[in-house]
2 protein chains.
Amino acid sequence: MTTEINATAASLLGFLHDGPLTGWDLVARAEQTIGPFWSLTKSQVYRELALMAEHGLVTPGETGRRDAKPYTITDAGRAAFADWAARGPGEATIRLPLLLFVTLGKHLEPGLLRTVLAEQRAHQAALLKDYLGIRQMLGELDEQDPHLLATLEYGITVARATVRWIDRLPPEIAS
Amino acid sequence: MTTEINATAASLLGFLHDGPLTGWDLVARAEQTIGPFWSLTKSQVYRELALMAEHGLVTPGETGRRDAKPYTITDAGRAAFADWAARGPGEATIRLPLLLFVTLGKHLEPGLLRTVLAEQRAHQAALLKDYLGIRQMLGELDEQDPHLLATLEYGITVARATVRWIDRLPPEIAS
DNA sequence: CTCGGAGCGTCCACAATGGACTGTCTTGAC
DNA sequence: GTCAAGACAGTCCATTGTGGACGCTCCGAG
């Protein structure tokens, strides 16, 4: 009978499979790996770590420099993680204020939607450029974790698709 | 000095521009228009409606059949909406458990990721088919709100991109 | 040496989620 | 015609997620 954990806790346990990490590290790790596709806040991370420690899924180590407290995954933690994984990924949670702007376009000040779309296009293009840069770099360092690569690839795919979508919007919208 | 509202309240006010709606209607409306790109729960909607009524952004009408209580947007409500819109769309919130699965793939039972990806491919393909069906239907009814169309188009673009992404994943992942 | 900023964590108020629960009306099977 | 299933409409609560303020500790540039 393993402890039932939520997706947030599961993601932390996932990262802890690679070795002990502090809360701070975990936030950074998530940021670097799934970045925009898995939001995680400090508050959340520390809360879950404390809870998981209580349930024995994780054990805190000696606090080191600057109060850094590394957590190590336990066997129970690994079991809980496997258990969560077996239940499959849950529903996605998505809130895109940009799309809200688009669907409510009719009720916005004229021209506002146009401006916002232009900004977003620029933003997505910049993002895409970043991703491509990272991919290039990883290729040169011949870092080859296919899972990270695949996630990056998803970012590239979606950013590209978004830019193309904006470019093909009919003139009534890009008014 | 208009009341500062959050994105959720703003979305409700946006829909109310088209005429009075009950909380239930608002949930349905959101579902039909931005569907997967703007999550809204009942609890949230009723809470915001009550708050907005308190602030005079919205006025409740006579409760009709089955306790249905329609809300009408006020001038203050329209002002608050315009104000929110002028501040621009905020940050997107995204949590894709599928991507979490992919990046943590290394630590999953062998084969699990493969299964999950196959399911997701099917899911996205079905979604895409739905969207295309809706687009077709709207075309025939020559319903022509370009904003709704644009949102639909986004769904199509992303679903398609996702399917292609899955199809092109390297064999080490679709192991 | 010192002081500004990065590393590390706590805490809190507020927002969002999901589901249990309660009622009301409609409809269609019998 | 009735009555059960299920759509409509809303309340409430526990849990989860978000964002920022705050407070320490250390490092390094000047």
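Reply: Ala, Val, Leu, Ile, Met, Phe, Trp, Tyr, Cys and Pro count as nonpolar here, Asp, Glu, Lys and Arg as charged, and the others, Gly among them, as polar. This is a predicted model: local features need pLDDT of at least 70, side-chain atom pairs count only at pLDDT 80 or more, and totals for chains, interfaces and linings use all residues. Residues are numbered from 1 along each chain as its sequence is written, while chains are lettered from A and ligands numbered from 1 in the order in which they are written.

Take DNA strand C. It is surrounded by 25 residues (near: C-beta atom, placed from the backbone, within 6 Å). The closest are Thr22(A), Trp24(A), Ala68(A), Ser39(B) and Ser43(B). H2 and H3 of chain A each give two or more residues to this surface, as do helix H1 (7-16) and helix H3 (42-54) of chain B. Helices (H or I, at least four residues) and strands (E, at least two) are DSSP runs, numbered from the N terminus. By class, the surface near DNA strand C has 10 charged, 10 polar and 5 nonpolar residues.

Now the protein-protein side. Here 50 residues of chain A are in contact with 50 of chain B (C-beta atoms, placed from the backbone, within 7 Å). H1, H4, S3 (93-95), H5 (97-103), H6 (112-140) and H7 (146-167) of chain A each give two or more residues. H7(A) supplies the largest share, 11 residues. The chain A side has 31 nonpolar, 14 polar and 5 charged residues.

S3(A) runs antiparallel to S3 (residues 93-95) of chain B, with 3 bridges joining them (strands pair if DSSP finds at least two bridges between them). Ile94(A) stands opposite Ile94(B).

Finally, H1 (residues 7-16) of chain A. It is mostly covered, with 8 of its 10 residues buried (buried: 20 or more other C-beta atoms, placed from the backbone, within 10 Å of its own; exposed: 12 or fewer; partly exposed: in between). Among the buried residues are Leu12(A), Leu13(A) and Phe15(A). Their cover includes H2, H3 and H4 of chain A, and H5 (97-103) of chain B.

Methods. Two residues are in contact if their C-beta atoms, placed from the backbone, lie within 7 Å.
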